[in-house]
Amino acid sequence: MDNESVINIYADGGCRGNPGPGGWGVLMQSGSTEKELCGGEPDTTNNRMELTAVIRALEALKRPASVNVHTDSQYVQKGISVWIHNWKRNGWRTSDKKPVKNADLWQILDGLAKQHEIKWLWVKGHAGHPGNERADALANRGIDELLAARPTT
């Protein structure tokens with residue numbers, strides 16, 4: 001498969017406070033085409049924003065695709081690649097029988113991931129990786145726009 005047909009997704013999420021106001025950002029690249037997405041939520045966690053970034057990216061795809069998802073979240077990368085199989089087998093419970101955190105988002109991500117051929121790639125965050133740095137800036141923009149839209153008291 002040539003590089004023109006692969007979609008590279010760089011996804012990042014974060015919070016100011018954890019929990020606190022959060023944002024997610026996505027850079028999507030296919031050949032010479034780019035698309036940026038971002039958003040925010042008023043009361044959330046880092047992990048929820050990391051998951052939301054990937055979910056929003058996959059939702060933006062119009063048809064099944066070959067995708068490389070680049071994330072600096074080992075929670076997302078390991079969760080979807082390794083841990084999710086046992087969670088599903090155990091009825092969305094962890095190995096110590098506790099409910100899986102963020103199961104609502106994991107279930108959405110699982111359904112979306114089945115529609116595509118995806119490589120889940122971990123990248124070191126805040127290490128100068130251009131795609132990850134742009135996704136991080138978009139996640140921060142999501143928080144900034146959220147906070148700017150809040151009424152002041």
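1. Let's start with the pocket. The lining of the largest pocket is made up of six nonpolar, four polar and four charged residues. Here Ala, Val, Leu, Ile, Met, Phe, Trp, Tyr, Cys and Pro count as nonpolar, Asp, Glu, Lys and Arg as charged, and the others, Gly among them, as polar.

2. A quick word on the source: this is a predicted model, where local features need pLDDT of at least 70 and side-chain atom pairs pLDDT 80 or more, while totals for chains, interfaces and linings use all residues. Residues are numbered from 1 along each chain as its sequence is written, and side-chain values use heavy atoms, leaving out hydrogens and water.

3. On to His70, which sits in strand E4 (residues 66–71); strands are DSSP runs of at least two residues, numbered from the N terminus. His70 counts as buried because its relative accessibility is 10% (buried is under 20% relative accessible area, exposed over 50%, partly exposed in between, with a 1.4 Å probe and protein chains only).

4. What does the side chain of His70 make a polar contact with? The partner is the side chain of Asn8, at 2.8 Å. A polar contact is a pair of N or O atoms within 3.5 Å; within protein, one must be able to donate a hydrogen and the other to accept it, and residues adjacent in sequence count only if both atoms are side-chain atoms.

5. As for cysteines, the whole structure has zero disulfides (pairs of cysteine sulfur atoms within 2.5 Å). For Cys15, the nearest cysteine sulfur is that of Cys38, 15 Å away. Cys15 is buried at 19% relative accessible area, whereas Cys38 is partly exposed at 24%.

Key: Helix = DSSP H or I, 4+ residues; strand = E, 2+ residues; numbered from the N terminus.
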